[in-house]
Amino acid sequence: MPEEQGEMAPRIVAGADGSSSAQAALHWAVRQARLTGAVLEAVLAWEVPIALGRFGTARDVPREDTEFRQAAEQVLAEAVAGVADAAGGVEVRPQALEGNAAAVLLAAARGADLLVVGSRGHGGFAGALLGSVSLQCVQHAPCPVVVVRG
């Protein structure tokens, strides 16, 4: 769909958390974007960790959002650099957004043509077929979802 005719280019959103599974998903998304002429949004979600006290109560944790945001942006930059050669003429828009990974990806996928995620990220437990984030995306995404196994 050419933008010159007043139509937006197709948009693909891909989760990019630095894991091998997410990197495989990002590579897949780059190839798909090249085939369809889509813009690719590489999205990384980050949160400030919460420390819990002895009985599960939240303790005061210094909120150094800037440090967490910078670390997230660095991981995202490395992930995007890892697909730069394959991207060729694909426009890749990196976005490091604060929030729960599934919620951030689902929000980013609104209006997208496709959401691409890895089957396992940095969380969850080893025996899961799908990670909790990919499962949430499959169940609730407003667009088609591709889950790429790493």
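Trainee: How many of the 150 residues in the chain are buried, as a percentage?
Mentor: Buried residues account for 37% of the 150 in the chain. Buried means under 20% relative accessible area, exposed means over 50%, and partly exposed is in between, with a 1.4 Å probe and protein chains only.

Trainee: What kind of model is this?
Mentor: This is a predicted model, where local features need pLDDT of at least 70, side-chain atom pairs count only at pLDDT 80 or more, and totals for chains, interfaces and linings use all residues. Residues are numbered from 1 along each chain as its sequence is written, and side-chain values use heavy atoms, with hydrogens and water left out.

Trainee: What is the mean pLDDT of the chain?
Mentor: The mean is 85, and 77% of the residues reach 70 or more. pLDDT is the predictor's confidence in each residue, from 0 to 100. Over residues 124–128 the pLDDT is below 50, and beyond near neighbours in sequence this stretch has three contacts in the model. Contact means heavy atoms within 4.5 Å. Where pLDDT is low, the predicted coordinates should not be read in detail.

Trainee: In what order do the elements run?
Mentor: From the N terminus the order is β-α-β-α-α-β-α-β-α-β, with five helices and five strands. Helices (H or I, at least four residues) and strands (E, at least two) are DSSP runs, numbered from the N terminus.

Trainee: Which residues have the most contacts inside the largest nonpolar core?
Mentor: They are Ile12, Leu26, Leu40, Leu76 and Val116, in a core of 25 residues. A nonpolar core is a set of buried Ala, Val, Leu, Ile, Met, Phe, Trp, Tyr and Cys residues joined through side-chain atoms within 4.5 Å.

Trainee: Which elements give two or more residues to this core?
Mentor: Strand S1 (11–15), helix H1 (20–36), strand S2 (39–46), helix H2 (65–81) and strand S4 (114–118) do. The largest share, five residues, comes from H1. Apart from this core lies another, of twelve residues, including Val43 and Val117.

Trainee: Back to H1. Which of its residues are buried?
Mentor: Ser21, Ala22, Gln23, Ala25, Leu26, Ala29, Val30 and Ala33 are buried in H1. Their cover includes S1, S2, H2, helix H3 (84–87), S4 and strand S5 (145–148).

Trainee: What does Val148 touch?
Mentor: Leaving out residues up to four places away in sequence, Val148 touches Ser21, Ala24, Ala25, Trp28, Val116, Val117, Gly118 and Ser119. Val148 is in strand S5 and counts as buried because its relative accessibility is 10%. The C-alpha atoms of Val148 and Ala22 are 7.8 Å apart, although 126 residues separate the two along the chain.

Trainee: New topic. How many disulfides does a search of the whole structure find?
Mentor: The search finds zero. A disulfide is a pair of cysteine sulfur atoms within 2.5 Å.
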